[in-house]
Structure formats: C-alpha cells, structure tokens
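Okay everyone, have a look at the model on the screen.

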Amino acid sequence: MLFWKKSKEEKLAEEGNKEAILSLIEKGKKERAIEILERFKDREDLRRILFRLYMEEGKYYYAYQLIEHYDPSLATSKEKALIYERVGELEKSAQEYAKLGDWESLRKAGELLWQAKKPQEALELLNRSLKVAPPFKREEIEEHIRKIKEELGLVQKESLLERLRKGLQKTKEAVEFKIIFAGRSIDEELFEELEEKLIKADVGAKTSLQIVEELRKEAIRKNLKTSDKLFDYFKNLILSQISKCEGSLKEKDTSIYLFLGVNGSGKTTSIGKIAYKLTREGKKVLLVAADTFRAAAIEQLEVWAKRSGAHLVKKEEGTDPAAVVYAAMEKAKEGGYTHILIDTAGRLHTKEPLIRELRKIRDVIRRFFPEEPTETLLVLDATIGQNSLQQARIFKEALDITGIILTKLDGSAKGGAIIPICKELNIPIKLIGVGEGIEDLQPFVAKDFVEELLS
Ligand SMILES: Nc1nc2c(ncn2[C@@H]2O[C@H](COP(=O)(O)OP(=O)(O)OP(=O)(O)O)[C@@H](O)[C@H]2O)c(=O)[nH]1
Ligand SMILES: [Mg+2]
C-alpha cells in the first residue's frame, strides 16, 4: 500500500505536479526532486523551487547557471554575491556585496576586488566600509587599505631610519646633546651638564661618569678649547660602547624562538610584529600561547595570529604551559613550519616557580628538537631603564639568554638605557621596538642609533 502511494506520488511529480514535488522534498528526497525539476526549468513556479534546492544543497554552480541563463530575479543580492563568489566570478560577486551596503559586505567587496586585481576599486570599497564600520574593526580595515596603497606606491613606506628617528624623538628632545657641543668653551660646567644629561637619558651614573672622564682626557690630550671638536669623539665613544651588542636573529630550517620577560614588557606585541614580518616574507609561522596565566593573554596572541596570518596553538587558561608547548612541538614535528614563536608568562614575584616553569618549557622543546631553542629572547622595556638589568639577572638564572629585544624606546626619554644594558649584560640586542605600529620593530644598528640619538 505504502509502496503504491509513493510511486504514484513520484509519477505525479514526474508529470510536473507541484504538490507532489513539494511532498517529495518534504520527505527528504531532494536529489530525486532536483532530477525531476531540472526537466521543468521553463516553468517559473518550479524553477523557483529548483533554485531554493540548489542553494540548500550548496550546488552553487547549478544555481549560477539558473540565474545566468533563465532568470536573474531568482536570487537576492546576498545570494548572488555568494553564488558568484563560489564560482569564482569575483567582480560580479563584489558588485552584489557592494549593493548590500553594510560594512562587512563592503569590506568583503573590497577584498574580492583586490583578489581580482582591481586595486583602485578595492580601495574605494574599503574606504566606504571604513566609514560605516564599528570602531573596533577600523584598525583591520585601515591596515588593509594601507597595504594596498603601499603596493600601488600611493604612500611612501616609512623607512626604518624614519621610524627610528621618530622613536628616539623623546630622548633626543630631553637631552639635546648637540647643543652642549655647539661651540662652547670646554670647562667644568660643560662636563657637569653633560653628565647630568647622560644620567637623564638613563645611561646610568657609572657609565655616564666614565664617558665624561674619557672626554676630559681627550680634551687635555688634544688641548681642545671649544666643545664642537669633542662631538665626534663623543659619538664614536658611544658607538664603541654599543656596537658590540649588534646582532640578528639566528635562522634554521625550523627556527624556534622562546620569548621571556616580565608582565607588560612587550613580549606578545613583539611576537605579533615578528610574525607579521615573517608571514609577509612567505614564511610559515606558528604562535604558541604558553602564557596561560590569563585568558586575555591567550586572546591577545590569537588576535595577532589572525592579523599576521600565522597559525596558533593554544589551550585553556590555567593549563600547564609545558603542555601547550608539547602540543606545539608535536605539530612542529609534522613539519611545514619555518618559525615557531613561543609566548610565556613572566610573573617575577614568583621567582622560583617561574624559573622551574621556563626550564620545563625548554626541556619539552628539547625532547623534540635537542638543539633548540634557536633563540631564547629576553624582552626588556626601555621605559623602566636600568631596572631592567635586575630583571635580566633573574631570567639569566633560569635560562641562557641568546638575545635581547628592547621595546618602547619611543615611550620615554630613557633611550640611553641601551648603553648600560649592552655594557652590563653583554648579550646581543637583536631587535628594538620604536613604536606601537606593526612595523615598529627593527634590527639594532648601532651606527644608525647613535646618529639618530645625537644628530
Ligand atoms: N610605544 C610602544 N609600546 C609598545 C612597544 N612594544 C610593546 N608596546 C606596548 O606595551 C604594552 C604591553 O605589551 P604586551 O606585548 O602585552 O606585553 P607582554 O610582555 O606580553 O605582557 P604580559 O602578557 O602581561 O606578560 C602594549 O600596550 C603594547 O602595545 C613599543 O616598542 N613601543
Ligand atoms: Mg603577553
């Protein structure tokens, strides 16, 4: 009985009976319904049903044929945007997204046009999106706009030197070394003023005194009367103190960088900036959220992963950081990653557990890669000046530090702290942070640094 009813229904459906077809669909026989409906594309009512089914089943190419060859009015703009996108008609898809007018659709339209190699049109749509986007989304859109403008040569990319100059502005304005050396007579007052300014720039009392002593001797040796003759000597003296700390990040087939540093020193931000640079160079980057102390720390790294296009290994807040690193190393062993960047927590008030935790992380890395980490990088905040020396000593107790990242040189007038940090710690400074922007992390070039600080 049941069998007879079914086949009768199907028979009716095959004759184009709308009710029977709808009943088939209701019973889940969608493929059969599609087969039948495809014979009735000329009938407007059945065509609509067929289009709905195609959309439900994700048969976008067939839906595309239907709107292109039979009836464009079958689909809304939103549906058309999706269909065109799926079949690779990027410009048409962008047109439909643009009609929708909300910030997300406009942004999508811009991105599609960029993919379709229509940069001018892409810029126009991204700018429209920017106007209506909520504040917390603007930064991402602006970043995309900047990238397109840079590639079109519409904006000059700020050079490293320009960024360094801006970054050192505060220190420079506070101390104005050049003025001291501008044709003054060489006397005790001059040396006192210089020492004061060096201390103000956070060069540290001991080093400042040594520098002034050297200048005194030079003035006597050369029997100098005015200060301008001393300026080059001063510059070279500073240069000789910091040039031994120049260094760059070591690279291997798979480079594993472990980041250490106290809360707020700039670890996560630096990781983000490095990841961004590496992914733009075509490297495959894995970020590891081994700072599991706060959920916000994990989320912050996640944002950087999205922004830079890097992958992320994370676990829940409070997980043993070594377990996160273990999972990351398993993933790294599967291969494919050129760089693995590990973020850690730096709670100094729990010194002993901190040291244990960091060593445990290192040991997990070595179970998988006996020669690693490629670099153990200590992130120091230049605004706390010489206090960072004390922090560094504690981290050195835990692990061998292979490099320093000195952040926030732009944040205060304490740019001179780089001199005692270099002298006392004797660890290469591999990168310096000169601003909050994504490209404000750069190699430390002693000559440029001195030139910009003292010019
Ligand atoms: N001006 C300036 N700000 C920076 C620089 N590097 C980092 N920052 C800022 O410093 C703050 C702290 O940076 P984070 O990267 O969160 O520091 P963290 O070491 O990961 O801190 P925790 O996760 O709390 O341990 C953020 O607001 C950053 O934007 C820099 O070079 N210049
Ligand atoms: Mg952090």
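So, which residues of H17 are buried? They are Lys 267, Thr 268, Thr 269, Ser 270, Ile 271, Gly 272, Lys 273, Ile 274, Ala 275, Tyr 276 and Leu 278. That's 11 of the 14 residues in H17, and the helix is mostly covered. "Buried" means that 20 or more other C-beta atoms lie within 10 Å of a residue's own; with 12 or fewer it's exposed, in between it's partly exposed, and the C-beta atoms are placed from the backbone. Helices here are DSSP runs of H or I with at least four residues, numbered from the N terminus.

Before I go on: this is a predicted model, where local features need pLDDT of at least 70 and side-chain atom pairs count only at pLDDT 80 or more, while totals for chains, interfaces and linings use all residues. Residues are numbered from 1 along each chain as its sequence is written, and chains are lettered from A and ligands numbered from 1 in the order in which they are written.

Back to H17. The expected span is 1.5 Å times one less than the number of residues. For the 14 residues of H17 that gives 20 Å, and the end C-alpha atoms are 20 Å apart, so the two agree. Just after H17, Gly 282 has a positive phi of about 90°.

H17, residues 267-280, also gives the largest share of the shell around ligand 1, with three residues. In total, 22 residues surround ligand 1, and the closest are Gly 266, Lys 267, Thr 268, Thr 269 and Gly 433. A residue is near the ligand if its C-beta atom, placed from the backbone, lies within 6 Å of it. By class, that shell has four nonpolar, 12 polar and six charged residues. Nonpolar here covers Ala, Val, Leu, Ile, Met, Phe, Trp, Tyr, Cys and Pro; charged is Asp, Glu, Lys and Arg; the others, Gly among them, are polar.

Last stop: helix H12, where we find Ala 174. Is Ala 174 buried or partly exposed? Partly exposed, because it has 15 C-beta neighbours inside 10 Å. Leaving out residues up to four places away in sequence, Ala 174 touches Lys 200, Ala 201 and Ala 413. Contact means that the two C-beta atoms, placed from the backbone, lie within 7 Å. And Leu 12 is 162 residues from Ala 174 in sequence and 90 Å from it in space, C-alpha to C-alpha.

Methods. Helix = DSSP H or I, 4+ residues; strand = E, 2+ residues; numbered from the N terminus.
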